Amino acid sequence: MSSTVEYKSNGTIKVSKPNRGQTVLRWLLIGSFIFTIVGFFLMDYTGLDLTRAIPMTIDNLGQMFLSPSLNNTTWTNALWQVGVTLSLGFLATILGAVVSLFLAFGTAVNLSKPWLSNTIKGFITIVRAVPTVLWVLIFAIAAGLGAVAAVIGMMFHSIAYLVKAYSEAFEEVDEGKIEALRASGASYGHILFQVIVPQTKSYLISWTFLRFEINFGVAVAMGAAAGAGGIGYELFMASGFYYDMQEVGAITLIILVVAIILELLANRLKVSA
Amino acid sequence: MAVDKKVKEVNKVEERTDFNKKATDNVLISFDEDIEVTGQEVETLSKKEVKQMPVIMSIDNLYKEYSKGKNVLKDISFDIKKGELLSIIGPSGAGKSTLLRSINRMIEPTSGTITFNDKDITNVKGKALRQMRTNIGMIFQHYNLVDRLSVFENVLHGTLGYKNSLQGIFSMYTESEKEEALDIITELGIEDHIYKRCDELSGGQKQRVGIARALIQKPKIILCDEPIASLDPSSSRVIMEHLRKICNEKGITVIVNLHQVDVAKNYSDRIVGLNTGEVVFNGHPSEINKEVIQNIYGTDFDDLIME
Amino acid sequence: MSKTSTLKASDINIIQKKNLMLLLTVVIIVALTMLASYITDYNHIDGLTSIPAAISWMASNMIFSQSTLANLSNVLRLLWETILISIVATTTASVFAILFALLGSSLTYINKPFMYLAKIIASMSRNIPVVAWALILVISFGTNSMTGFLALFFGSFGFLVRAFIETIDEGSRDSVEALNATGATYWHTIFKAVLPGSMPQMFSWILFMIETNIRSATLVGLLTGTGIGYLFDLYYKQLNYEMVTLITLAIVVAVLIIEAFSNLIRREIL
């Protein structure tokens, strides 16, 4: 028998020797499990009455999804508000995309200098660390609550997301193609817009649309939490002000339908990309 | 000791590097009567010997239709003899892979019958299907190993067909199974790597793990789906020689999908040629000639001639 | 006419067509942007000027007074609560997500109706925004951790199911085929091929979800009056901008530490 075989303490043959990664993963799984159990005991349950909360939630969900109706607003208005939310998401995405495209040229290691690339990456990491809602509220101090703060705040996160996606796509471009153009005396701008962008076009479109899909959800949240208006604000009013579960249901369903349509479109773009 | 062995193996590999330099090309056809890629003499069977062998499996009128009206396999019928090495050749898209997977029912044929050891296996289900599959080993072009598990664990996966769900989930392998796995691993020359993760191995080593996993099933037949298509020439030769050896020494029937005609000619006892889902050739490797190849590879044959 | 010159003519046509398409795309995007600005009342000049205004505002509030720093322990306590909720919600959601992903993956589904059911439930949970969950749940569960936990749970669950299904489909197809060919049972393929092969990638998704959830938890907290989000909202409404900045910084530091930690883990397990 081969000399490489190892035996367990009980004399049976070992079938595997877990490497570092596997050992780490095993301990992480055990650790997460323990943390979760302990975490449940550490949470603050002030004022929680499950015997009341669970039936009430079920009752609310029943009203929402079994008899949804718009009681305090009209269908025209609701759809207009969806348009507002979509517009907010669109503006944040498209403005973010333009800025991101140029930042991504500076971030992709094959197109830029290391110091520039690292500076932008560091900047983006910090931008991403601030929750979107805080960005929006911070801009609201300067610009007032409303569309401007919402769009600019959401744009910051979109930039953080898109620069990473774009620059990774740029880094995939075959070095030979860049070299070929450089050899023929093309300028930096030529290389960017004759090689890099056309080569990665489908990825850029796919990532941008994916961000638009995310931004729709974010815009709903900003309407509810940061005074950005749109369907999110209607949702906030229906639940927090009118306590009208039927209307909450109707609005949630409208949001759900729009979100699913966007997700299906994004999936389709991803397949063709 | 171990070092000696390694040096020997390195030498062996170097000897083999001259083998079949063009194997990485998509389709390789060579007509030279004295095939230079053969290297050493391979022990194959004569036409007469093959004829006298008993039948282990017969395929009758097999059809496979993926979408309505588009048959991938059309009226396939041939016998497989016990202990032969049978190659199936044909252009890509001819249905080689579908045919191979129909044999162990990884793909359900639309109609036709497959008889294995005098039993109709076309419609077996559940436990009988699992039992049938333990008798038929399979190796794959992309090795299909669980990359993150050790070589040893991957080989032992071949015994799962004999276990119930709980025994398998808790890795209850018996010592005799482990020892047998070690014997097979040693036979295939990968005993130095038993505790390595499979993604640390080279392609040729991975394929040997694949063969070991098939062998521990104690199969009657081994199906090989393009076993050397992703390998370099020297590893390809090691794999083909192992398959030939399994066939000669253990008497296991080996069915290999290949796209290299010269490899098929060199190692097979019999060759079946497939074109657009139909059997267009079924005979001894010595019967392969220009016309036969033209029949198998179709009209764009002229484009495939190299030099 | 020779053959070559007609070819050239069509080449020029293609270039012209391409330019026309590009122009058309740009025009459509600009038009949509203008339409969206009109609908939302968005002013591009205000937008541009707000950026330097916000930056100078942030800088001016960076110097904390003694009274602000005295609140730091309170900030850290609520931050810890928020992180706790985020992690627990993610780990709990991932357990359910694995079950649903196995039911929903085309590789491991048990039967078609269950597969579609699993996918529909996951899609609902993912596409109803976290804010909607938060607003619905706060009515019945009140302002405590449970509301935040459940809101994050539903949002994470749907996302993780989709991510896990992709992980299973991408990484396990070959090894599942091999195990099926050896005559292994369904549970063998799950425990011997799918899970060992996908676990590290799945854990990486869980880490990503924890990072995302710490940010979402701030939003949920703001709406439901719990955790660090509640504290932010409180001082924001009191116009105590020093505290607002302190809380923002605390969140940034927490997120950066957790990101660094999960990158470290990723390097070990992937």
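Which strands of chain B does helix α3 (residues 96-103) lie across? Helix α3 of chain B lies across β1, β2 and β4 of that chain, running at about 60 degrees to β2(B). This is a predicted model: local features need pLDDT of at least 70, side-chain atom pairs count only at pLDDT 80 or more, and totals for chains, interfaces and linings use all residues. Residues are numbered from 1 along each chain as its sequence is written, while chains are lettered from A and ligands numbered from 1 in the order in which they are written.

**The sheet of chain B**

- Four strands form an open sheet in chain B, in the order β2-β1-β4-β5, with antiparallel pairing. Strands (E, at least two residues) and helices (H or I, at least four) are DSSP runs, numbered from the N terminus. Two strands pair if DSSP finds at least two bridges between them.
- The edges are held by β2 and β5 (119-120) of chain B; each has a single partner strand, so one side of each is left without a neighbour in the sheet.
- Strand β1 (residues 55-67) runs antiparallel to strand β2 (residues 70-81) in chain B, and eight bridges join them.
- In this pairing B:Ser58 has B:Asp79 as its bridge partner. B:Glu65 stands opposite B:Asn71 in β2(B).
- The hairpin of β1(B) and β2(B) has two residues between the strands, and B:Gly69 takes a positive phi near 80 degrees there.
- β1(B) also pairs with strand β4 (residues 111-116) of chain B, in the antiparallel sense, over five bridges. Here B:Ile59 has B:Ile114 of β4(B) as its bridge partner.

**Domains of chain B**

- Chain B is assigned domain 1 (44-135 + 220-307) and domain 2 (141-218). Domain bounds come from an automatic or database domain assignment.
- The C-alpha centres of domain 1 and domain 2 of chain B lie 25 Å apart.
- Contact between them involves 14 residues of domain 1 of chain B and twelve residues of domain 2 of chain B. Two residues are in contact if their C-beta atoms, placed from the backbone, lie within 7 Å.
- On the domain 1 side, α4 (126-134) and α9 (233-250) of chain B are the elements that give two or more residues. α9(B) gives the most, with four residues.
- By class, that side of domain 1 of chain B has six nonpolar, four polar and four charged residues. Ala, Val, Leu, Ile, Met, Phe, Trp, Tyr, Cys and Pro count as nonpolar, Asp, Glu, Lys and Arg as charged, and the others, Gly among them, as polar.

- Helix α8 (residues 188-225) of chain A packs on helix α8 (residues 186-224) of chain C at an angle of about 30 degrees, with the axes 10 Å apart. That makes α8(A) roughly parallel to α8(C), a term for angles under 35 degrees. Axes are lines fitted to C-alpha atoms, for helices over the stretch in contact, and angles run from 0 to 180 degrees between N-to-C directions.
- A:Ala221, A:Ala224 and A:Ala225 of α8(A) make the contact with C:Leu219, C:Leu222 and C:Leu223 of α8(C). By class, this contact has six nonpolar, no polar and no charged residues.

**Chain A with chain B**

- Eleven residues of chain A are in contact with 17 residues of chain B.
- The chain A side has four nonpolar, six polar and one charged residues.

**Domains of chain C**

- Chain C is divided into domain 1 (3-51) and domain 2 (68-269). Their C-alpha centres lie 39 Å apart.

Terms used
Parallel < 35°, antiparallel > 145°, perpendicular 65-115°, else oblique.
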